[in-house]
Amino acid sequence: MSELQRFSLPNGLRVLLEPRPSAAVVAVSVHYDVGFRSEAEDRSGFAHLFEHLMFQGSENHAKMAHWTYVQGLGGSVNGSTHQDYTDYYQVLPSEGLEQVLSMEMDRMHALLITEENLCNQRAVVKEEIRLNILNRAYGGFPWIPLPALLYNTYPNTHNGYGAFEDLDSASVADAVDFYRAHYVPANAVLTVCGAFDPDRTAAYIEEVFGALPHRPKPAPAVLREELPGTTRHGRREDVHASLPALALGYQLPDPGTELDAYLAHMVLCEILTGGSSSRLHTRLVREKGAAVHVSAGCGLFNALDTRAPDTLALAVTHHPHTDPESVLAEIDGELAGLAERHALADLVPTAGARIAARSARRNADLLARTRAMGTYELLHNAPALVDELPGRILTIGAEAVTDAARALLTDQRAVLRLVTSQAVPRQAAEPTT
């Protein structure tokens, strides 16, 4: 394995280069330190909107030219929006690397933001909301409503799709202001991994991206807040859902300062819901017949995918005749048992090994590895986590997981019920959260 090269340009752009001579292709990602928790109160949905706008052309490249070029070489290209970052990524034959880097520079420097592009992509985003959230069973559950119940502040409570009224009221000038504030070299991480010459690529990056002027990065969003003093209960109606559900939300330890405690919660989630032999599946599905599906995970999207505060979400889809309070009692009973049982020592090694194996297998994929390195650099200043994480997880012992179980036996949580109801109009109102 080649050594990771990590450096910054004078304009603030952070660069990660990892040559892998055995790779047949090269992967490139650009992470921008702007996610939906970066949005102002009247600009919800802007981070996701820009994920679309960034493919609509720049000063030297026509609309969708980036997409067409990569796919024309047999590669793949896309982007994604998260709570604290937006990333743009591609994997392609190595001969296309310098052209892709030039394209990434051009849209970092001179994106075309026109009335036509804004209107078109606003319509695309609104249709995506209708398809994925408003007219789909369990659309956005629980990642949209659960943080709105658990937290207090706007960055932590609003969802990434945004409100229709905010999208509709956005002007070209608003979009330009957002772009100029967030899409600057000092707010980005460029990662290249795969089959390439590191010296030549470093020189090319310094030449192309180094020509961009330094602009200050925006002030970070204020995310820290106090935990709720008592359990917060909420209710969400879903006319499309066939079965009711229950979701629980807990605030996780800060991975920046308490990484092992965070990883212990990951192991606990695996013990609770990781497969048909997991504790809650056995208890609620197989033995009690109260539920049809259980899941739990650290992070609304993926583990270690945000800064603090991050959320552990546990969801149970249950039968209509099942009392949600009984489901909650069963979950707390299982947590209480894990917080006291000596048998936990037998469960932790197996659960940790499964997580470590999944992590290693996922990051064996070149593009997934590239994106993970960029994410860990941007959020945690630790790109080496991509290799260190499997081994670190294997060091988590039973005592740490016992502490994690005890930490979830708390009133400082959110409990959200999803109920099916034919009383809800099929054409739901435009989203406001």
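Predicted model: local features only at pLDDT ≥ 70, side-chain atom pairs only at ≥ 80, totals over all residues.
1. Cys-298, by contrast, is buried, with a relative accessibility of 6%.

2. The structure holds zero disulfides. For Cys-298, the closest cysteine sulfur belongs to Cys-269, and because the two sulfurs are 4.2 Å apart they are too far from each other for a bond, the cut-off for a disulfide being 2.5 Å.

3. Turning to the helices, α3 (residues 97–109) and α9 (residues 198–208) have axes that come within 10 Å and cross at roughly 25°, which means that α3 runs roughly parallel to α9. The crossing of these two helices is right-handed.

4. On the α3 side of this pair, Leu-97, Glu-98, Leu-101, Ser-102 and Met-105 take part in the contact, and they meet Arg-200, Thr-201, Tyr-204, Ile-205 and Val-208 of α9. By class, the residues of this contact comprise six nonpolar, two polar and two charged.

5. A second pair is formed by α10 (residues 259–273) and α16 (residues 398–408), whose axes lie 8 Å apart and whose packing angle is about 80°; α10 and α16 are therefore roughly perpendicular to each other.

6. Where α10 meets α16, the residues from α10 are Ala-264, His-265, Val-267, Leu-268 and Ile-271, while α16 brings Ala-400, Val-401, Ala-404, Ala-405, Ala-407 and Leu-408. The contact of α10 with α16 has ten nonpolar residues and one polar residue, with no charged residues.

Methods. Residues numbered from 1 in each chain as written. Heavy atoms only, no water. Axes fitted to C-alpha atoms, helices over the stretch in contact; angles between N-to-C directions. Helix = DSSP H or I, 4+ residues; strand = E, 2+ residues; numbered from the N terminus. Parallel < 35°, antiparallel > 145°, perpendicular 65-115°, else oblique. Left-handed = near helix turned anticlockwise from the far one by under 90°. Contact = heavy atoms within 4.5 Å. Nonpolar A, V, L, I, M, F, W, Y, C, P; charged D, E, K, R; others polar. Buried < 20%, exposed > 50% of the residue type's maximum accessible area, 1.4 Å probe, protein only.
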